[in-house]
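Hello,

Here is the structure I promised to pass on to you. Have a look at it first, and then read on for my notes.

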Amino acid sequence: MVETKIKEIIKQRLDEEHYYYVECWKKEIEILTEDVDETIEFIKNKCDDETLLWMSEVFEEIIEKTQSKELLQTLLERSNKVVDEDDRKEILQEVGYAEGHLNNV
């Protein structure tokens with residue numbers, strides 16, 4: 001379910017004018033934080049590199065909202081597997097930013 005919804009939002013993001021990106025981000029955050037276990041499963045097993053790159057725009061927000069160390073770890077592990085070096089660096093940078101939103105309780 002996460003896969004279908006996220007790909008639909010990313011397609012919408014690509015099709016619309018840039019000033020609609022905030023609405024797409026809100027939808028992505030909602031989808032990716034609704035069921036953290038499902039999101040983790042999606043990222044581990046079904047998320048292609050391009051989708052991960054687009055999702056990286058909201059990593060900070062999803063980690064801030066979920067406070068999930070497991071999700072953060074999954075993002076890090078999956079990001080390290082991205083084939084394109086430039087994309088991998090960009091995604092890992094976003095993972096680093098997201099890490100700063102994890103409260104150390």
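Which residues does Leu75 touch, not counting residues up to four places away in sequence? They are Ile43, Leu52, Phe59, Ile62, Ile63 and Val95, where contact means heavy atoms within 4.5 Å.

Before the rest, a word on the ground rules. This is a predicted model, in which local features need pLDDT of at least 70 and side-chain atom pairs count only at pLDDT 80 or more, while totals for chains, interfaces and linings use all residues. Residues are numbered from 1 along each chain as its sequence is written, and side-chain values use heavy atoms, with hydrogens and water left out.

Now back to the core. Leu75 is among the residues that touch the most other members of the largest nonpolar core, along with Leu52, Met55, Phe59, Ile62 and Ile63. That core has 27 residues; by nonpolar core I mean a set of buried Ala, Val, Leu, Ile, Met, Phe, Trp, Tyr and Cys residues joined through side-chain atoms within 4.5 Å. Buried stands for under 20% relative accessible area, exposed for over 50%, and partly exposed for what lies in between (1.4 Å probe, protein chains only). Two or more residues of the core come from each of α1 (2-15), α2 (21-34), α3 (36-45), α4, α5, α6 and α7. Helices here are DSSP runs (H or I, at least four residues), numbered from the N terminus.

Spanning residues 85-99, α7 has 15 residues and reaches 21 Å from its first C-alpha to its last, close to the 21 Å expected at 1.5 Å a residue (the expected span is 1.5 Å times one less than the number of residues). Its buried residues are Ile91, Glu94, Val95 and Ala98. Seen down the helix axis, they fall within an arc of 105°, so they line one face of α7; the arc is that of the directions from the axis to the C-beta atoms. They pack against α4 (49-55), α5 (59-66) and α6 (69-79). On the face turned away from that buried side you will find the exposed residues Asp86, Lys89 and Glu99. At the start of the helix, a side-chain oxygen of Asp84 comes to within 3.1 Å of the backbone nitrogen of Asp86.

The loop between α5 and α6 is also worth a visit. Gln67 sits there, partly exposed at a relative accessible area of 26%, and its phi is near 55°, a positive value in a residue other than glycine. Most residues other than glycine have a negative phi. Ser68 is in that loop too, but is buried, with a relative accessible area of 11%. A polar atom of the Ser68 side chain lies 3.0 Å from the backbone nitrogen of Leu71. Leaving aside neighbours within four places in sequence, Ser68 is in contact with Val36, Ile40, Ile63 and Leu102.

Beyond its neighbours within four places in sequence, Thr51 contacts Ile6, Lys7, Ile10 and Phe42.

Finally, the cysteines. The structure holds zero disulfides, a disulfide being a pair of cysteine sulfur atoms within 2.5 Å. For Cys24, the nearest cysteine sulfur is that of Cys47, 16 Å away. Cys24 is buried, with a relative accessible area of 1%, and Cys47 counts as buried at 6%.

Best wishes

Note on methods. Polar contact = N/O pair within 3.5 Å; in protein donor to acceptor, adjacent residues only side chain to side chain.
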